[in-house]
Amino acid sequence: MIPQEKKLLDVLSNNDVTFFIPPYQRNYEWTDEQCKVFYDDILKTHDRNVAGDTTEHFFGSITFFQDETPFGQPDKLVLIDGQQRITTTMLFLVALRDILDDNTLREFINNKYLKNNNVSGDNDEYKIKLKQVETDWSAYKHIILGEELEGTEKTSAVYHNYQFFYNQLNLYKANGNNVGS
């Protein structure tokens with residue numbers, strides 16, 4: 001295996017990949033404290049870039065291998081390490097999508113980072129760019145698709161952290177900051 005440096009958003013923007021979290025991986029478990037650090041890091045990087053200091057945030061290493069996929073479906077990238085960080089990134093992106101007033105930007109985030117538009121039919125397993133472990137899949141899928149969650153889904157860490165980012169971005173926006181710039 002040869003490590004390669006790739007930017008996460010570049011990998012996610014490829015409409016021919018779907019990340020799969022294998023069943024032996026743990027459920028999504030990030031806490032408010034970890035999400036706050038993640039959110040603060042994003043704001044710091046944003047503020048530096050707005051001030052003219054072009055910078056990036058080191059997200060950490062992600063380890064995956066490419067598995068076989070049916071013809072016509074996106075490449076299946078099976079996560080070995082980094083599933084908590086990728087899930088958190090996706091929850092942040094969907095909260096950002098949901099807080100934006102600009103429909104063009106909402107669609108851009110949805111189509112570029114959250115879904116694979118090259119997938120034909122209604123196969124959510126490949127249409128959504130990150131397939132969660134079974135216990136988190138239903139809540140995550142409903143959040144990505146903008147659908148109503150059922151009672152038990154609202155107790156998941158996936159939903160809780162989506163709400164955390166949504167509330168933080170809503171507060172940021174309410175304080176007069178331009179979300180989506």
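This is a predicted model: local features need pLDDT of at least 70, side-chain atom pairs count only at pLDDT 80 or more; totals for chains, interfaces and linings use all residues.
Tutor: Residues are numbered from 1 along each chain as its sequence is written, and side-chain values use heavy atoms, with hydrogens and water left out.

Student: Why is His142 called buried?

Tutor: Buried means under 20% relative accessible area, exposed means over 50%, and partly exposed is in between (1.4 Å probe, protein chains only). His142 has a relative accessible area of 13%, so His142 is buried.

Student: Where is His142, and what is it in contact with?

Tutor: His142 sits in helix H6. Helices are DSSP runs (H or I, at least four residues), strands are runs of E with at least two, and both are numbered from the N terminus. Contact means heavy atoms within 4.5 Å. Leaving aside neighbours within four places in sequence, His142 is in contact with Glu147, Glu148, Leu149 and Glu153.

Student: Why does Ser138 count as partly exposed?

Tutor: Ser138 is also in helix H6. Its relative accessibility is 30%, so Ser138 counts as partly exposed. Ser138 and Leu149 are 11 residues apart in sequence, and their C-alpha atoms are 8.4 Å apart in space.

Student: Which residues of H6 are buried?

Tutor: They are Asp136, Trp137, Ala139, Tyr140, His142, Ile143 and Ile144.

Student: How do you know that the span of H6 is close to the expected one?

Tutor: The expected span is 1.5 Å times one less than the number of residues. H6 covers residues 134–145, which is 12 residues. Its first and last C-alpha atoms are 17 Å apart, close to the expected 16 Å. Gly146 follows H6, with a positive phi near 70 degrees.

Student: Which elements do the buried residues of H7 pack against?

Tutor: They pack against H2, H3 and H6. The buried residues of H7 are Val158, Tyr159, Asn161, Tyr162, Phe164, Phe165, Leu169 and Tyr172.

Student: Why is Tyr166 called partly exposed?

Tutor: Tyr166 is in helix H7. At 25% relative accessibility, Tyr166 therefore counts as partly exposed. Beyond its neighbours within four places in sequence, Tyr166 is in contact with Ala95, Asp98 and Ile99.

Student: What makes a nonpolar core, and how many residues has the largest?

Tutor: A nonpolar core is a set of buried Ala, Val, Leu, Ile, Met, Phe, Trp, Tyr and Cys residues joined through side-chain atoms within 4.5 Å. The largest has 44 residues, and those with the most contacts inside it are Phe19, Met90, Leu96, Leu130, Tyr140 and Phe165. Elements that each supply at least two residues of this core include H1, strand E1 (17–20), helix H2 (32–50) and helix H3 (83–99). H3 gives the largest share, 9 residues. In soluble globular proteins, nonpolar side chains tend to be buried together.

Student: What does Tyr140 touch?

Tutor: Leaving aside neighbours within four places in sequence, Tyr140 is in contact with Met90, Leu91, Ile128, Leu130, Gln132 and Val158.

Student: Is Thr89 buried or exposed?

Tutor: Thr89 is in helix H3. Its relative accessibility is 8%, so Thr89 counts as buried. Not counting residues up to four places away in sequence, Thr89 touches Leu8, Phe38 and Phe59.

Student: Why is Glu29 called partly exposed?

Tutor: Glu29 is in the loop between E1 and H2. Glu29 has a relative accessible area of 43%, so the label is partly exposed. Glu29 and Asn161 are 132 residues apart in sequence, with C-alpha atoms 9.5 Å apart.

Student: What is the class make-up of the lining of the second largest pocket?

Tutor: Ala, Val, Leu, Ile, Met, Phe, Trp, Tyr, Cys and Pro count as nonpolar, Asp, Glu, Lys and Arg as charged, and the others, Gly among them, as polar. The lining has 4 nonpolar, 2 polar and 4 charged residues. A pocket is an open set of points on a 1 Å grid over the protein atoms alone where a 1.4 Å probe fits, with protein on both sides within 12 Å along at least five of seven lines; lining residues have an atom within 4 Å of a point. Among the lining residues are Lys6, Asp10, Phe64 and Leu77.
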